[in-house]
Amino acid sequence: MAQTGFGRRYFKAFVSGFFVAVPVTVTVLDRLAYVARVEGASMQPSLNPDGESSPDVVLLNRWSVRNYQVQRGDIVSVLSPKDPQQKIIKRVIGIEGDFIKTLGYKNRYVRVPDGHLWIEGDHHGHSFDSNTFGPRIL
């Protein structure tokens, strides 16, 4: 009889913990950070150094982006201009107001407009980045 009471208490504690943990986790992932998988060669060797055989997993900070605290060298995730259903992960090379020497963009030098970033993959030549599509909106 005592065993049944223990089982019920354990079950109630589990269920109440579950109903607290799930909303907290969803809120954190929605507002503060989220987990993303890095596939492809564009960020090699920093991310995904082994290629397609073992993609890296990263935690991306939503809070900094919402507060416009992105800095040069940060890694960001943006919607792909080629496929808006897909996100691409790149490194911030320039922030608004910076002058960038491009690697094959239509202009050799570009001033990054207000509210935009210049993003590039770490593996030049194997990256769909600002050298292809220009500055990206923050």
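Analyst: UniProt positions are given here in the numbering used for this structure, feature names are shortened, and annotations may be inferred rather than shown by experiment. This is a predicted model, in which local features need pLDDT of at least 70 and side-chain atom pairs count only at pLDDT 80 or more, while totals for chains, interfaces and linings use all residues. Residues are numbered from 1 along each chain as its sequence is written, and side-chain values use heavy atoms, with hydrogens and water left out.

User: At which residues does UniProt place the feature "active site"?

Analyst: The annotation comes from an unreviewed UniProt entry. Although the annotated positions are spread over 49 residues of sequence, they cluster in space, with a largest C-alpha distance of 7.9 Å. The positions that the record gives are S42 and K90.

User: Is K90 buried or exposed?

Analyst: K90 lies in strand β4, where a strand is a DSSP run of E with at least two residues, numbered from the N terminus. Buried means under 20% relative accessible area, exposed means over 50%, and partly exposed lies in between, using a 1.4 Å probe and protein chains only. Because its relative accessibility is 3%, K90 counts as buried.

User: What is the distance of the polar contact that joins the side chains of S42 and K90?

Analyst: A polar contact is a pair of N or O atoms within 3.5 Å; within protein, one must be able to donate a hydrogen and the other to accept it, and residues adjacent in sequence count only if both atoms are side-chain atoms. S42 is itself buried, with a relative accessible area of 13%. The polar contact between the side chains of S42 and K90 has a distance of 2.8 Å.

User: How many salt bridges are there?

Analyst: A salt bridge is a side-chain nitrogen of Lys or Arg within 4 Å of a carboxyl oxygen of Asp or Glu. One of them joins R91 and D122, with the closest N and O atoms 2.8 Å apart, and another joins D114 and R111 at 3.9 Å, N to O. By this rule, the count of salt bridges is three.

User: How many residues apart in sequence are the parts that D98 and R72 tie together?

Analyst: D98 forms a salt bridge with R72, and the closest N and O atoms are 2.7 Å apart. Since D98 lies in the loop between β4 and β5, and R72 in the loop between α2 and β3, the pair ties together parts whose separation in sequence is 26 residues.

How values were computed. Helix = DSSP H or I, 4+ residues; strand = E, 2+ residues; numbered from the N terminus.
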